[in-house]
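The following paragraphs lead the reader through one protein chain, beginning with a single pair of residues and widening to the whole. The sequence and the structure should be kept in view throughout.

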Amino acid sequence: MLQIVALILGQLANNTYLIADSDSCEAAVIDPACDGHLIATEARQRCWQVGQIWITHAHFDHIGGVADLVRELEKPPMIALHPNDRLLWDTQGGVSLFGVTLPASPAPTIELAERTPLHLGRIPFETRHTPGHTPGHCVFYCAPDGVCFCGDLIFQNSVGRTDLPGGDWRALETSIRSQVFVLPDETRLLPGHGPETTVGHEKSENPFVQA
Ligand SMILES: [Zn+2]
Ligand SMILES: [Zn+2]
């Protein structure tokens with residue numbers, strides 16, 4: 001069974017998702033925002049083994065905890081990122097734009113692409129490439145559980161900003177329509193910031209992109 005722990009971390013109140021397959025105790029962390037030690041402690045308390053880190057996009061507020069988290073793990077984890085965000089990753093998530101510093105993160109080990117399959121134990125996830133907020137932004141969709149981890153693509157009644165380097169409003173709109181609004185209405189959307197929502201709610205209520 002898929003278990004999801006949402007941790008709200010950092011100055012931008014990021015949602016870091018610690019997720020696990022309760023049968024195998026295999027775990028993954030989606031967007032370790034910061035406080036890698038705290039994330040690792042949450043996993044250890046549940047006897048979960050974190051073997052994977054999945055990155056929706058490489059803005060600093062989504063990768064700031066990677067280096068610390070990796071140090072806490074017994075084995076080096078798989079780190080998955082779309083190559084179109086690699087430049088952002090290599091410049092610490094554009095952190096210099098915000099006047100903050102961040103330690104360098106270890107290199108990604110998997111290059112995500114459209115439909116790259118990911119697994120947590122026997123639970124399947126599908127990568128969907130959703131550029132617009134950043135060029136390499138991806139969401140992670142678990143069809144059996146009806147959950148989509150959607151980073152900064154879409155929020156409850158809002159959408160990701162497109163005014164940062166690499167942002168593209170038309171691409172964002174297309175990504176939402178073609179990759180999110182096609183999912184079943186009851187699909188839970190777990191965003192990178194703010195409360196969770198559903199596909200159906202956003203199709204009818206989101207003021208930025210109308211279905
Ligand atoms: Zn972002
Ligand atoms: Zn963000």
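This is a predicted model: local features need pLDDT of at least 70, side-chain atom pairs count only at pLDDT 80 or more; totals for chains, interfaces and linings use all residues.

**From a residue pair to the whole chain**

Thr-127 stands opposite Phe-140 in strand 9. Strand 9 covers residues 138-142 and pairs with strand 8, residues 123-129, in the antiparallel sense over 4 bridges. In general, the strands of a sheet are paired through hydrogen bonds of the backbone, in either a parallel or an antiparallel sense.

The view may now be widened to the chain. Its secondary structure comes to 6 helices and 14 strands. The radius of gyration is 16 Å, close to the 17 Å that the globule rule gives for 211 residues, so the chain is as compact as a globular protein of that length. The C-alpha trace spans about 45 × 40 × 30 Å along its principal axes.

How much of the chain counts as buried? Of its 211 residues, 54% do. Among contacts between residues at least 6 apart in sequence, 60% join residues at least 24 apart.

The accessible surface comes to about 9200 Å², and carbon and sulfur atoms account for 54% of that area. As for charge, the chain has 13 positive and 25 negative side chains, with the centres of the two sets lying 2 Å apart.

Conventions. Residues are numbered from 1 along each chain as its sequence is written. Chains are lettered from A and ligands numbered from 1 in the order in which they are written. Side-chain values use heavy atoms; hydrogens and water are left out. Helices (H or I, at least four residues) and strands (E, at least two) are DSSP runs, numbered from the N terminus. The radius of gyration is taken over C-alpha atoms; the globule rule is 2.2 Å times the number of residues to the power 0.38. Buried means under 20% relative accessible area, exposed over 50%, partly exposed in between (1.4 Å probe, protein chains only). Contact means heavy atoms within 4.5 Å. Accessible areas come from the Shrake-Rupley method with a 1.4 Å probe; for residues, only the protein chains shown count as cover. Lys and Arg count as positive and Asp and Glu as negative; His and the chain ends are not counted. The place of a charge is taken as NZ of Lys, CZ of Arg, CG of Asp or CD of Glu. Two strands pair if DSSP finds at least two bridges between them.
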